[in-house]
Amino acid sequence: MLAPILALMLTALESSEGIFAQLADTVLVTYISNSLLMLFGVCALSLLIGLPLAWLVAMCQFPGKRFFSWALVLPLAMPAYIVAYIYSDFFDYAGPVQIWLRDIFGWQHADEYWFFDIRSIPGACVVLALVLYPYVYLFLRSAFSQNNLGQIQASRLLGDSPWQSFWRISVPQTRGIIVASLALVGMETLADFATMHYFAINTMTTAVYDTWLGYYSLPAAAKLSILMLAMIFLLLAIEKRQRINKQNYAHNDNFNTREMYHLTGWRAGLATGFATLVIFAGFILPMLVLCGFIVDYHDQVWNQDFITYGSKSLIIALLAATCCVFIAMVINFGLRQSQQNTSLNQHWTQQFPGQFASMGYALPGTVLAIGVIIPMTSIELWSNEILEQWFGWQPGLFLTGTTFAIIFAYVVRFCAIPIGSVQESMHKISPHLDQASRSMGRGFTSTAFRIHVPLLKRILLTSGLLVFIESMKELPAALLLRPFGFETLATYVYQYVSDEQLEQASLAALSIVILGLVPLLIVNRMSQQSVRHAKSTNNERASPTNDVAAQ
């Protein structure tokens with residue numbers, strides 16, 4: 001699992017024959033500056049969208065609130081490059097918006113008027129923010145729902161307006177959550193390849209792709225990957241620090257957690273209109289366009305290619321999910337066994353396997369592909385040389401020339417999902433069950449399959465489903481590691497997007513979107529259950545029957 005990261009580090013030490021130096025002297029500053037502009041632009045727009053929406057849903061009552069509470073997470077299921085294509089088609093010079101403006105005002109040429117260029121860094125920031133703001137919304141909705149309402153009520157009694165109370169109480173209480181959510185948005189932005197490549201914006205992730213396939217220099221691509229990894233791990237460190245420190249804002253709320261503000265009149269209309277505009281721009285409009293393409297090109301979208309590539313994607317995703325769940329079980333069951341020994345209990349070295357195996361989740365797809373191809377190529381060269389000497393036979397590209405490379409990349413990328421889920425759930429299983437089983441003569445393996453697996457089967461199935469869906473959606477790793485002539489649904493759709501023919505693959509694109517809705521609904525349901533649990537706990541603390549509260 002660590003092989004891709006170690007391979008990147010070792011390859012980055014090799015000579016790149018002056019290619020990296022040439023990039024550093026010419027375009028590397030542009031790559032880094034564009035990446036930073038995208039990072040700050042997307043984070044700022046995501047915060048401007050997600051923060052007010054989270055506060056409105058958590059703290060206010062307005063028309064449509066129950067619908068928006070779950071519908072506002074739907075844009076996260078929409079691949080950004082599909083949204084980029086749809087908005088480019090709408091706002092380009094030959095798109096319907098500019099054609100309508102020219103007809104209304106009588107303009108004849110582009111130099112007669114100014115119009116927002118969607119194929120630019122600001123345009124890419126808008127597109128990515130429309131699909132990434134749910135990270136901010138989900139985190140902050142939960143945080144605002146568990147805010148200390150007593151402080152907010154005290155602020156209002158002391159004369160603060162709702163706006164002043166929001167800035168003085170609600171935002172400071174959740175500043176750690178804000179930073180953590182923006183760190184995740186930043187990681188997704190830096191890792192995005194398809195949107196940047198489609199808009200022809202040179203960032204670090206496209207630089208890795210171009211250096212590898214344009215200059216055929218793995219060492220230079222590895223050096224760029226290390227720079228990109230440094231940015232990713234910095235954001236990860238910020239997110240982890242804020243996640244650890246979020247306990248600083250915990251509280252025991254002794255007030256009723258009902259909605260603080262009941263919006264009426266133009267305020268209610270503004271809240272409903274803002275939420276409607278966001279969900280329409282980020283999800284409803286792209287869905288309507290895809291459905292329209294399917295209706296208009298129904299005789300072309302349902303073809304043998306869609307069935308073939310869809311079935312291949314299903315098989316690969318199923319294999320990757322099975323491997324990830326198996327590895328998570330091995331790691332966590334081994335950790336459980338080591339904890340049975342009191343001399344090793346809570347030892348910091350016990351956390352190493354899970355942490356190391358989860359590091360691949362931070363790798364962007366293009367960087368991961370480089371990290372996978374390097375060790376596999378070395379194994380193939382060594383094996384061909386040995387077998388040629390001993391048996392006069394060369395197996396050829398038996399790793400990189402097959403789908404094994406894609407499956408391995410998916411396992412490295414998404415294994416962190418079941419590892420973390422199983423570890424969290426296993427902590428809730430009482431060690432007395434293990435002791436009872438062992439006292440009846442059962443070994444650890446028998447105990448694991450008779451006790452742990454039945455208790456964990458729900459989380460194993462859920463985490464496996466999440467890995468399956470993420471594998472179906474993964475684009476950069478599949479695009480770079482696929483064998484010749486092989487396509488997944490994601491690469492199949494992107495090929496048509498690159499050729500400005502998304503309508504030909506609209507059914508495949510809609511399939512990816514529908515699959516992406518499943519984990520979103522799971523996450524949203526878990527978040528709402530957590531909020532309801534926190535509210536019920538707070539209400540119990542505030543009940544007069546509680547001795548402490550009554551006293």
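Guide: By class, 17 nonpolar, two polar and one charged residues make up the lining of the second largest pocket, where Ala, Val, Leu, Ile, Met, Phe, Trp, Tyr, Cys and Pro count as nonpolar, Asp, Glu, Lys and Arg as charged, and the others, Gly among them, as polar. This is a predicted model, in which local features need pLDDT of at least 70 and side-chain atom pairs count only at pLDDT 80 or more, while totals for chains, interfaces and linings use all residues. Residues are numbered from 1 along each chain as its sequence is written, and side-chain values use heavy atoms, with hydrogens and water left out.

Visitor: What makes a residue part of the lining of a pocket?

Guide: A lining residue has an atom within 4 Å of a grid point of the pocket, which on a 1 Å grid over the protein atoms alone is an open set of points where a 1.4 Å probe fits, with protein on both sides within 12 Å along at least five of seven lines. The second largest pocket has a volume of about 640 Å³, this being the space filled by probe spheres set on the points, which are joined across faces, edges and corners. Of its 20 lining residues, the closest to the centre are Pro52, Trp55, Leu56, Trp163 and Leu270. Helix 3 gives the most to this lining, with six residues; helices here are DSSP runs of H or I with at least four residues, numbered from the N terminus.

Visitor: Why is Met228 called buried?

Guide: Its relative accessible area is 1%, and buried means under 20%, exposed over 50% and partly exposed in between, with a 1.4 Å probe and protein chains only; Met228 is therefore buried. Met228 lies in helix 13 (residues 218-245), and its contacts (heavy atoms within 4.5 Å), leaving aside neighbours within four places in sequence, include Leu190 and Pro364.

Visitor: Why is the pair of Trp302 and Phe306 called tilted?

Guide: Rings of Phe, Tyr and Trp (its six-membered ring) pair if their centres lie within 6.5 Å, and planes under 30 degrees apart count as stacked, over 60 as edge-to-face and the rest as tilted. The centres of Trp302 and Phe306 are 5.5 Å apart and their planes stand at 55 degrees, so the pair is tilted.

Visitor: How do you know whether Trp302 is buried or exposed?

Guide: Trp302 has a relative accessible area of 54%, so Trp302 is exposed, whereas Phe306, at 12%, is buried.

How values were computed:
Helix = DSSP H or I, 4+ residues; strand = E, 2+ residues; numbered from the N terminus.
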